[in-house]
Amino acid sequence: MSIDFSDLFSIKGRVALVTGGSRGIGEMIAAGYLSAGAKVYISSRKAAVCEATAARLSETYDGECIAIPSDLSGMAGVETLAREIAAREPKLDILVNNAGAAWGAKLGEFPEVGWDKVMDTNAKGPFFLTQALLPQLRAAASPEAPARVINIGSIDGIRTPSMDNLSYGPAKAAIHYMTRVFASHLAGEHIRVNAIAPGPFPTWMLSTGVGFGGETEGVDWGAVGARNPSGRVGSPQDAAGLAIFLASKASSYVTGQVIALDGGIVVSG
């Protein structure tokens, strides 16, 4: 029996939405999808930044990257984004729920607004956006080519975080468990739902946490990576590689999984 493995990791021609796609891990995934031949929509809260990133990625990777700015910390933004996607695309092959927020404060001083903002953006937003886009995901899904939902969690949702971002870990743990719930409900509809739990990557969010002031270029990521069992922080290829796998035929039998993308931090305890 001859089996064709030639397009096992191909996502060419597929349509993807990456929330929080204007920077950080979301931008890395969007860039990887574009380079692999997908049509990519990105969303983020700041319209000018979102539009600029979409234009730059389209030019860099000779692909089609379209910005739909939206604030996914509230239902109005979720509904606006879902409505815009539905108006443009009858089918959505890949949804990457990456938009996220963090809030740093000591335990005794942690404010309600910090809890609500992080929970709303990191857990509530992905739940209701996935719900709203189910018609487009169902339209794209088939036994041969399942639709995909990829939730971006964090190793801080698996282990106790080292920083005082006290609502971030619980919110990411919630999206990890939400991944299993969605996967159970949608497996029979040929929609695969998995999560990526990143460790340290050279992003604005981590930069603010380690004292780099939000800078991602010209700072000492080597010092951060030196504490990692693999001796480095993650790269764009690392983020895009796993996201492409989870969107391709190669992962058609994988659902409900939370995959740590951390260079060995979780397993090293």
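Buried means under 20% relative accessible area, exposed over 50%, and partly exposed in between, with a 1.4 Å probe and protein chains only. The model is predicted: local features need pLDDT of at least 70 and side-chain atom pairs count only at pLDDT 80 or more, whereas totals for chains, interfaces and linings use all residues. Residues are numbered from 1 along each chain as its sequence is written, and side-chain values use heavy atoms, with hydrogens and water left out.

**Exercise 1. Aromatic pairs**

Task: Determine how many aromatic pairs there are, and classify the pair of phenylalanine 212 and tryptophan 221 as well as that of phenylalanine 9 and phenylalanine 245.

Solution.

Step 1. Rings of Phe, Tyr and Trp (its six-membered ring) pair if their centres lie within 6.5 Å; planes under 30 degrees apart are stacked, over 60 edge-to-face, and the rest tilted. The count by this rule is four aromatic pairs.

Step 2. The ring centres of phenylalanine 9 and phenylalanine 245 are 6.5 Å apart and the planes stand at 40 degrees, so this pair is tilted. Phenylalanine 9 lies in the segment before strand E1 (15-19) and phenylalanine 245 in helix H9 (residues 236-247), so the pair ties together parts 236 residues apart in sequence. Helices (H or I, at least four residues) and strands (E, at least two) are DSSP runs, numbered from the N terminus.

Step 3. Phenylalanine 9 is exposed, at 51% relative accessible area, while phenylalanine 245 is partly exposed, at 25%.

Step 4. For phenylalanine 212 and tryptophan 221, centres 5.3 Å apart and planes at 85 degrees make the pair edge-to-face. Phenylalanine 212 is partly exposed, with a relative accessible area of 21%, whereas tryptophan 221 is buried, with 10%.

Step 5. One aromatic cluster is formed by Phe127, Phe128 and Phe182.

**Exercise 2. The nonpolar core**

Task: Identify which residues of the largest nonpolar core touch the most other members, and which element gives the most to this core.

Solution.

Step 1. A nonpolar core is a set of buried Ala, Val, Leu, Ile, Met, Phe, Trp, Tyr and Cys residues joined through side-chain atoms within 4.5 Å. The largest has 31 residues, of which Ile29, Tyr33 and Ile150 touch the most other members.

Step 2. Elements giving two or more residues to this core include strand E2 (39-43), helix H2 (47-61) and strand E5 (147-152). H1 gives the most, with seven residues.

Step 3. Leaving aside residues up to four places away in sequence, isoleucine 150 touches, among others, Tyr33, Ile94, Val96 and Leu246; contact means heavy atoms within 4.5 Å.
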